[in-house]
Amino acid sequence: MGAGRIRLGLIGCGGIVRSVHARAYLAASDAATVVAIADPDAEGRAAAATLLAVPADGSYENCEDMLAGVDLDAVCIATPHHLHRQHAVAAASAGVDIISEKPMSATLEEADAIIAAVRAAGVRYTVVHNLLWSNAMREGIRLARGEQFGDVTWGRAQSVFRKAEGLDARDWRATRSAGGGCAIDTAYHEIYCVEALVGSPVARVEGRVRTVKFDIDVDDLALMLLEHEDGSVSTVTSTWCAPSFGTEAGRWCEVHGTRSSVRVYHRDSDPLHVATAAGGWQATPLASADDPMGHIAFFGAAFAALRSGDALPVTMSDARRNLAIIEAAREATAARKAVEVGK
Ligand SMILES: NC(=O)c1ccc[n+]([C@@H]2O[C@H](COP(=O)([O-])OP(=O)(O)OC[C@H]3O[C@@H](n4cnc5c(N)ncnc54)[C@H](O)[C@@H]3O)[C@@H](O)[C@H]2O)c1
């Protein structure tokens, strides 16, 4: 792709696009412009078109018509998980670069079909691992590699939320056929965060991924014990059915070293804390705690890489491994033993 502004098409204009991505696109308007959108939901489409000033002739009910009707450089896929393969393969076949919301797809088999289509078409592809791009995470990772930290001993990450009492199969996230579940939808982020803080890829997984509360056919609790390639260990706790209160609730991740510890809360007030032997946990100032979920920085980096040809923020193999860890945790639940990732 040349140095011109990226002509971007959106596949899916739902909650995350309108509440979060739109801000990131507007912040990166020097690098990319949303010229077309595709979503069968007319109301959502109209709201996104207004937010992003998309021309009337750029609004489509489905991605195939958008890809055939508009000259695009790249698409962003933000649809339910079971549609990611269809949409990524269609975009690749149209010769368009792809930024996909997580996960790559609902299954590893579908992820492999995407990888094959991307390679065959020679397009570029990345997945939104946004939390790695917040200032707090970037500084936390830097501190965890520093001399003051010592050697990594272990890590942990959690997302503890209470979903509405009425969570049921009307929500695609709570439906197996749509690729839903707490592990793939929510714990997904905790896995890449703790892996980045520990600084070593996950090699094997023990887990209990279960439905403990809601009347749904996917998990609402995901407990994982991860063993990293360098021998260190970490845990991931993720649930849709626990009260969210106090400092232990919500979403955070931490890593412990022989000299100090680092914890990142994914929020905009005091997100980064460091603990040393001399004192307890102390909030550590950051130049800016704006963009606490990292979307603005992620999309800025992705657009810059698409324009320059430099490496994209998240590789296909990183995104595939995250999905493989989730599949391994499900398999470990059934087998009641540790499972090698990707085997
Ligand atoms: N990175 C993050 O922080 C984050 C946060 C939330 C959601 N997500 C991801 O974003 C994606 C979308 O999630 P959401 O919360 O916006 O869901 P959502 O249900 O709010 O939106 C999904 C949208 O896809 C549209 N859609 C359905 N079928 C379609 C089709 N065939 N073609 C085009 N559009 C279609 C729906 O009409 C809807 O507008 C998921 O992959 C989810 O995991 C990521």
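Visitor: What radius of gyration would a compact globule of 343 residues have, and what does the protein chain show?

Guide: For 343 residues a compact globule would come near 20 Å, and the protein chain in this predicted model has 20 Å, which agrees. Along its principal axes the C-alpha trace spans about 60 × 45 × 40 Å, and 50% of the 343 residues count as buried. Among contacts with a separation of 6 or more, 71% are between residues 24 or more positions apart.

Visitor: How many helices and strands are there in the protein chain, and in what order do the strands of the open sheet run?

Guide: Strands of a sheet pair through backbone hydrogen bonds, either parallel or antiparallel. Here the protein chain has nine helices and 15 strands, and nine strands form an open sheet with mixed pairing, in the order 14-13-12-11-7-10-9-8-15. Strand 14 (281-283) and strand 15 (339-340) stand at the edges with a single partner strand each, so one side of each has no neighbour in the sheet.

Visitor: In which sense do strand 8 and strand 9 pair, and which residue is the bridge partner of Arg204?

Guide: Strand 8 (residues 202-210) and strand 9 (residues 221-228) are paired in the antiparallel sense over eight bridges, and Arg204 has Glu227 of strand 9 as its bridge partner.

Visitor: Which strands does helix 6 touch, and which strands does helix 9 lie across?

Guide: Helix 6 (residues 135-144) packs on the sheet, where it touches strand 7 (152-160), strand 11 (250-257), strand 12 (260-265) and strand 13 (272-276), and its direction makes about 170° with that of strand 12. Helix 9 (residues 316-335), for its part, lies across strand 8, strand 9 and strand 15, and runs at about 60° to strand 8.

Visitor: How many residues surround the ligand, and which are the closest?

Guide: The ligand is surrounded by 25 residues, of which the closest are Gly12, Gly14, Gly15, Ile16 and Glu101. By class, this shell has 12 nonpolar, eight polar and five charged residues, and its largest share, three residues, comes from helix 1 (residues 15-27).

Key. Residues are numbered from 1 along each chain as its sequence is written. This is a predicted model: local features need pLDDT of at least 70, side-chain atom pairs count only at pLDDT 80 or more; totals for chains, interfaces and linings use all residues. A residue is near a molecule or strand if its C-beta atom, placed from the backbone, lies within 6 Å of it. Helices (H or I, at least four residues) and strands (E, at least two) are DSSP runs, numbered from the N terminus. Ala, Val, Leu, Ile, Met, Phe, Trp, Tyr, Cys and Pro count as nonpolar, Asp, Glu, Lys and Arg as charged, and the others, Gly among them, as polar. The radius of gyration is taken over C-alpha atoms; the globule rule is 2.2 Å times the number of residues to the power 0.38. A residue is buried if 20 or more other C-beta atoms lie within 10 Å of its own, exposed if 12 or fewer, and partly exposed in between; C-beta atoms are placed from the backbone. Two residues are in contact if their C-beta atoms, placed from the backbone, lie within 7 Å. Two strands pair if DSSP finds at least two bridges between them. Axes are lines fitted to C-alpha atoms, for helices over the stretch in contact, and angles run from 0 to 180 degrees between N-to-C directions.
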